[in-house]
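Please consult the sequence and the structure shown here before reading on.

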Amino acid sequence: MPNSRLYVLAGPSGVGKGTVVNALRKMYPQVKVAVSATTRAPRPGERDGIDYYFLSEERFDKLLAADGFLEWAQVHGRARYGTLRSEVEEHSSRGEDVILEIDLAGARQIRRTHPDAHFIFLLPPSQQALEERLRGRGTEDDAEVARRLETAKIELAAAKEFEHQLINDHPEQAARELAALMGIA
Ligand code: 5GP
């Protein structure tokens, strides 16, 4: 990957990774974010190829068998999510930096395969704020919120593994800090 840097943004579900990345893209349209593949169903308003590549279990299996993923994980014990090699290579071949917005298990895989990548962990201002955000989103039922909070506890305990930690108090502020880390601010 000549001159192309890989940034891994991890953090628990509900911490606002998507919101921060969207704020970053608004400020710096040149920022490239890899669109992940997932086997979960689209939420209302989500678009295939933009928010995710929504794949069937069979299609995901085929891509896995063909070594099509840079990393993948089963998140919250349910759906599978993964970073497509093709998605990252498209940008890196042009020398563009790419951000991966992925879970902890995925970040650990990237650390093994791409030790030169930059690892950033997004933290909520508090545990309570995280819970409120997960419930307030209204897209998951109570059982799913509980499952995500359990995963969040495990993920938060791993924040120290990351070279950078950002607190998402205000998405625009966190996006500016991320831009500064990436050297684009
Ligand atoms: P959601 O279902 O809310 O869109 O995403 C759930 C979690 O899946 C997010 O917290 C995110 O970290 C993780 N995720 C999204 N895309 C990927 C991916 O490509 N790889 C991995 N390992 N995790 C992902």
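This is a predicted model: local features need pLDDT of at least 70, side-chain atom pairs count only at pLDDT 80 or more; totals for chains, interfaces and linings use all residues.

Two strands are taken to pair if DSSP finds at least two bridges between them. Strand β3 (residues 37-38) pairs with β6 in the antiparallel sense over 2 bridges. Thr38 has Tyr81 as its bridge partner in β6.

The sheet also contributes to the ligand site. Both β5 (69-74) and β6 (80-84) supply at least two residues each to the shell around the ligand, and β6 gives the most, with 3 residues. The ligand has 19 residues around it, of which Ser36, Arg40, Tyr52, Tyr81 and Asp103 come nearest. By class, the shell divides into 5 nonpolar, 6 polar and 8 charged residues.

| Residue | Protein atom | Ligand atom | Distance |
|---|---|---|---|
| Arg40 | polar side-chain atom | oxygen | 2.7 Å |
| Thr83 | polar backbone atom | oxygen | 3.5 Å |
| Asp103 | polar side-chain atom | nitrogen | 2.7 Å |

On its own, the ligand has 510 Å² of accessible area, and the protein covers 94% of that area. The ligand sits in the largest pocket.

Definitions and conventions. Residues are numbered from 1 along each chain as its sequence is written. Side-chain values use heavy atoms; hydrogens and water are left out. A residue is near a molecule or strand if one of its heavy atoms lies within 4 Å of it. A polar contact is a pair of N or O atoms within 3.5 Å; within protein, one must be able to donate a hydrogen and the other to accept it, and residues adjacent in sequence count only if both atoms are side-chain atoms. Accessible areas come from the Shrake-Rupley method with a 1.4 Å probe; for residues, only the protein chains shown count as cover. On a 1 Å grid over the protein atoms alone, a cavity is a set of points where a 1.4 Å probe fits but cannot get out, and a pocket is an open set with protein on both sides within 12 Å along at least five of seven lines; lining residues have an atom within 4 Å of a point. A molecule sits in a cavity or pocket if more than half of its atoms lie within 2 Å of its grid points. Helices (H or I, at least four residues) and strands (E, at least two) are DSSP runs, numbered from the N terminus. Ala, Val, Leu, Ile, Met, Phe, Trp, Tyr, Cys and Pro count as nonpolar, Asp, Glu, Lys and Arg as charged, and the others, Gly among them, as polar.
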